[in-house]
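This report describes selected features of one protein structure. Please keep the sequence and the model in view while reading.

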Amino acid sequence: MARPAAEPLRRAEIVRATIQEIGQTGTLEVTVAQIARRAGVSSALAHHYFGSKEAIFLAAMRHILGIYGAEVRGALATVEGPEARIEAIVRVSFSQMNFRREVIAAWMNFYVLAQTMDGAHRLLEIYRRRLRSNLVVNLRPLVGENAGRIADSLGALIDGVYLRAALGRTAPDRAAAAALVMGHLEAELARGRLKGQ
């Protein structure tokens, strides 16, 4: 039986260590040496696999977004109807894998990195466009031409909940976070019904 290649396993360990290290420190001011130590590899090996600290951070965010995307696809495959699909997207945004202290810290630092690093900015824009597109497609049958505006408000609210969780001193409350966003959606849908949409 063939033995799996060491490089993909080492890369994955470095990515996980990066997320944990950022989560513990709450900042991008971590060193490759700190990440490598947590991953159980040398700094030289981490640099060899990724080339730079920024590339390690991008790999960590790609990993986080990969998990998020897979969860969204899985959730959408199990529900029918636009409201249920929107709720599935919101609940995934606050799932156990996505809404935990180290991932929240990585997101906050990713937003900072996206201001100065083109690769991070592109990755963030891909995430934002996909989230908006998924929301708009499912909002349109419910609210018509207001779908874009409501999708933008839901996206901003999700970002805001992450920001508050990052600044909070208690464990993230997944149920309360999802309920807050769903409450906003329900208010928007009720407003649309009152207007006869």
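## A charge over a ring

R11 is placed over the face of F50, 4.9 Å from the ring centre. A charge is said to sit over a ring if NZ of Lys or CZ of Arg is within 6 Å of the ring centre and within 35 degrees of the ring normal.

## Basis of the report

The model is predicted: local features need pLDDT of at least 70, side-chain atom pairs count only at pLDDT 80 or more, and totals for chains, interfaces and linings use all residues. Residues are numbered from 1 along each chain as its sequence is written, and side-chain values use heavy atoms, with hydrogens and water left out.

## One side of helix α2

Helices are DSSP runs (H or I, at least four residues), numbered from the N terminus. Helix α2 comprises residues 32–39, and within it V32, I35, A36 and A39 are buried. These residues lie on the same side of α2 because they cover an arc of only 95° around the axis; the arc is that of the directions from the helix axis to the C-beta atoms. Buried means under 20% relative accessible area, exposed means over 50%, and partly exposed lies in between (1.4 Å probe, protein chains only).

The cover over the buried residues of α2 includes α1 (6–25), α3 (43–50) and α4 (53–76). Just after α2, G40 adopts a positive phi of about 75°.

## Salt bridges

A salt bridge is a side-chain nitrogen of Lys or Arg within 4 Å of a carboxyl oxygen of Asp or Glu. By this rule, the count is nine salt bridges. Side chains of opposite charge can pair when their charged atoms come close.

One of these bridges joins E13 and R10, at 3.2 Å from N to O. Both residues lie in helix α1, three residues apart, about one turn of the helix. E13 is partly exposed at 26% relative accessible area, and R10 is partly exposed at 32%. R38 forms another salt bridge, with E21, and the closest N and O atoms are 2.6 Å apart. R38 lies in helix α2 and E21 in helix α1, so this pair ties together parts that are 17 residues apart in sequence. R38 counts as partly exposed at 34% relative accessibility, whereas E21 counts as buried at 7%.

Is E188 buried or exposed? At 6% relative accessibility, E188 counts as buried. This residue is found in helix α9 (residues 174–194). Not counting residues up to four places away in sequence, E188 touches R149, I150 and S153; contact means heavy atoms within 4.5 Å.

The side chains of E188 and R191 meet in a salt bridge of 3.0 Å, N to O. The two residues are three apart in helix α9, a separation of about one helical turn. R191 counts as partly exposed, at 40% relative accessibility. Salt bridges that share partners join R149, E188 and R191 into one network.

## The nonpolar core

In soluble globular proteins, nonpolar side chains tend to be buried together. A nonpolar core is a set of buried Ala, Val, Leu, Ile, Met, Phe, Trp, Tyr and Cys residues joined through side-chain atoms within 4.5 Å. The largest such core has 68 residues, and I14, F94, W107 and L139 have the most contacts inside it. Helix α4 gives the most to this core, with twelve residues. Leaving aside neighbours within four places in sequence, the contacts of F94 include F99, I158, V161 and Y162.

## Aromatic pairs

Rings of Phe, Tyr and Trp (its six-membered ring) pair if their centres lie within 6.5 Å; planes under 30 degrees apart count as stacked, over 60 as edge-to-face and the rest as tilted. A search of the whole structure finds eight aromatic pairs. The rings of F99 and Y162 have centres 5.0 Å apart and planes at 70°, so this pair is edge-to-face. F99 lies in the loop between α5 (82–93) and α6, and Y162 lies in helix α8 (residues 147–167), so the pair ties together parts that are 63 residues apart in sequence. Both F99 and Y162 are buried.

W107 and Y111 form a tilted pair, 5.9 Å centre to centre with 35° between the planes. Both lie in helix α6, four residues apart, about one turn of the helix. W107 is buried at 6% relative accessible area, and Y111 counts as buried at 17%. Ring pairs link Y68, F94, F99, W107, F110, Y111, Y127 and Y162 into a cluster.
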